[in-house]
Amino acid sequence: MSTSNDKKTIATSASIARKLEVLAQEKETARQKLVVTAKKLAATAKENESIRRKLVETAKQLAVTAKEKEVARRKLVVTAKRLAVTAEEKESTRRKLVVTAKELKRLYGTLEKKVLRRTKDLEHIRSRNEAILTSIGDGLVVVDKEGKISYINKSFEEMLGWKTQEIIGKSMVEVVPREDLHGVEVSFKERILTQVLAGQKFVADLTNPFYYIRKDKSRFPASSIVAPVILNKKIVGAVEVFRDITKEKGIDKAKTEFVSLASHQLRTPLSTVNWYSEMLLTGDVGEISAEQKMYLEEIYKGNQRMVDLVNTLLDVSRIELGTFDGESKPTNIVGLVESVVDEQKLQVAEKKLKISCIFAVNIPLIQVDPKLLRMVIQNLLSNSIKYTPERGRIEVALLLDDKKNVIFKITDTGYGIPKNQYDKIFTKLFRADNVIGKDTEGTGLGLYIAKSIVEQSGGKLWFESEENKGSTFYASLQIGKPKKNGVPANGT
Amino acid sequence: MVVGTRAFMIEHMKIAQKILIIEDEKTLARALELKLSLSGFVVKTVFNGEAGIALLMKESFSLILLDLIMPKMDGFAVLTILKEKNIQTPVMVLSNLSQESDLRRTEEFGAKEFFIKSNTPIVTIVERVIELLK
């Protein structure tokens, strides 16, 4: 057994050795292979290292790029954000614009409507104004600053016989001549239109009537108002309005003719009675007896009263008709009163009246028609004389009131006016019943005339009175320019 | 008085002066004619303006007494013609008109005097005539 075992063991060991050898060989091969592989691996590692490095490099570069990209991205983000905001704003603006546009469209529509409406309105107003201008009953002409006609109305055409197209652009003063009341042509320089355009006159008054000459050379009496057209403080033209005063003149003429006719008709027979009784009295046709003379004197006196009455009545009609053609001028009222007092001193003496005059100092001249004022003072003084019993007193005074009016005051110690007749005392033809029996000469016209005259010249007439004690009459007279004569005292 | 006036006339006016009365109211014309003749004037009377002008063309007068309101041709027309024909005879207007405008019109024609007949004694007129023709 052992030898076998040994043998077996040697065989086995040999086998193992061989196997080990094979293994070693295999290991060597493997090692060699491993070396090769290691070498290969080293090479690969090298390559890898190189690649890694490259990769690192690339990575680094990528990192840089990435950073830049990040930056860029961030920027983009910011920009994007901004853009987003802008876009939002834009959107909002756009929306607003849309709204505005809509609104504008709406407004435009409204505006257009309004403009249309306004234009219509304006057109309406314009044609209405034109119609008004055209239809004014007075003649109307508008001129530019050179006096060239730029508009005339229908009345102008009708009154003067010119058509618009014939005279537009022509000189008014040349086309339409003016004559004064004596038929003398008014020169270019004297024409109111010329003066208004030159700024010398502002408004021409109506008180200077004249004649306008028509296209056919006929003429009509006219009065006009010319006023400058002022734009930005410069005279750019003038407007003239004129009217045909033929009718007014006709009325004035008729009034004057009435007074003339009345004068003539009433005074002629009175003149006859006057002159013939006068001739009888002076013995022109033979001697007359004392008795005849007495009778004749009665006739003469009666006729004289009639003459006075007619004169007074004529004055009344002229005052009422406004045809007193006297003239207002600066009048010395002190002198006037003195002369009236002087004129009636005979009557004062006859009744043994005491008359005194008190005149304030500095009584100015007053603008009045001296003839009419004389009539007032004559009437008031003769009333005082007439209605004051013998040996009575009359005091005449001229004063100035606080408004600088001149006051004529006359006080008497006469019969006075009964209280119940105060309101009638200025009535035409009225005579207070306490004097009718005492004096037959009154006409009841004196106070009516006096009051009418004073009031027409812008003054006042009033009185204070007590029966059997006396009366005081006051007339307050304006110093300045009185109203023009011609306003009737009442509606008659 | 009357005798005195006549004596004055005879003494001072060797050649009687001629006066023309133009007045349509015959009674008034006659009164004037009578008075003025008594004062020694030679007086001719016509009753309207037309006749007055006709006479003035033939004869010359020292003075014309002229009424205003007359038929055919009134006093204003007479004054106008006198002016046109340059007849320089002085004119005294005797009228019963008394409006300021009438007075002014006659003055413009150069009338020397204006009397309102009813308000003027005839003797005043005669005195004024004598004064004017002195």
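Student: What covers the buried residues of α2(B)?
Tutor: The cover includes α6 (246-281) of chain A. From chain B it includes β1 (18-22), β2, β3 (63-66) and α6 (122-132). Keep in mind that this is a predicted model.

Student: Okay. Which residues of α2(B) are buried?
Tutor: Leu28(B), Ala29(B), Ala31(B), Leu32(B), Lys35(B) and Leu36(B). They cover an arc of only 160° around the axis, which puts them on the same side of α2(B).

Student: What follows α2(B)?
Tutor: Gly40(B) does, and its phi is positive, near 95°.

Student: Back to chain A touching chain B. How many residues are in contact?
Tutor: 23 residues of chain A contact 21 residues of chain B. On the chain A side, α6 and α7 (290-321) each supply at least two residues. α6(A) gives the largest share, 15 residues.

Student: How does that side of chain A split by class?
Tutor: Seven nonpolar, twelve polar and four charged residues.

Student: New topic: sheets. What is the strand order in the open sheet of chain B?
Tutor: β2-β1-β3-β4-β5, five strands with parallel pairing. β2 (42-46) and β5 (113-116) are the edge strands, each pairing on one side only. The twist averages 20° from one strand to the next.

Student: How many bridges join β4 to β5 there?
Tutor: Four, with β4 (residues 91-95) and β5(B) running parallel. Ser95(B) has Ile116(B) as its bridge partner in β5(B).

Student: What about the open sheet in chain A: which order and pairing?
Tutor: Five strands, β8-β10-β11-β13-β12, with mixed pairing. β8 (354-359) and β12 (460-466) stand at the edges with a single partner strand each, so one side of each has no neighbour in the sheet. Neighbouring strands are turned by 10° on average, direction ignored.

Student: Which helix packs on that sheet and touches β10, β11 and β13?
Tutor: α10 (residues 370-386) of chain A, whose direction makes about 15° with that of β11(A). Helix α12 (residues 446-456) of chain A lies across β12 and β13, running at about 140° to β12(A).

Student: How do β12(A) and β13(A) run, parallel or antiparallel?
Tutor: Antiparallel, with seven bridges joining them. Glu464(A) stands opposite Thr472(A) in β13(A).

Key: Residues numbered from 1 in each chain as written. Chains lettered and ligands numbered in written order. Predicted model: local features only at pLDDT ≥ 70, side-chain atom pairs only at ≥ 80, totals over all residues. Pairing = 2+ DSSP bridges. Axes fitted to C-alpha atoms, helices over the stretch in contact; angles between N-to-C directions. Buried ≥ 20, exposed ≤ 12 C-beta atoms within 10 Å, placed from the backbone. Arc of directions from axis to C-beta. Contact = placed C-beta atoms within 7 Å. Nonpolar A, V, L, I, M, F, W, Y, C, P; charged D, E, K, R; others polar.
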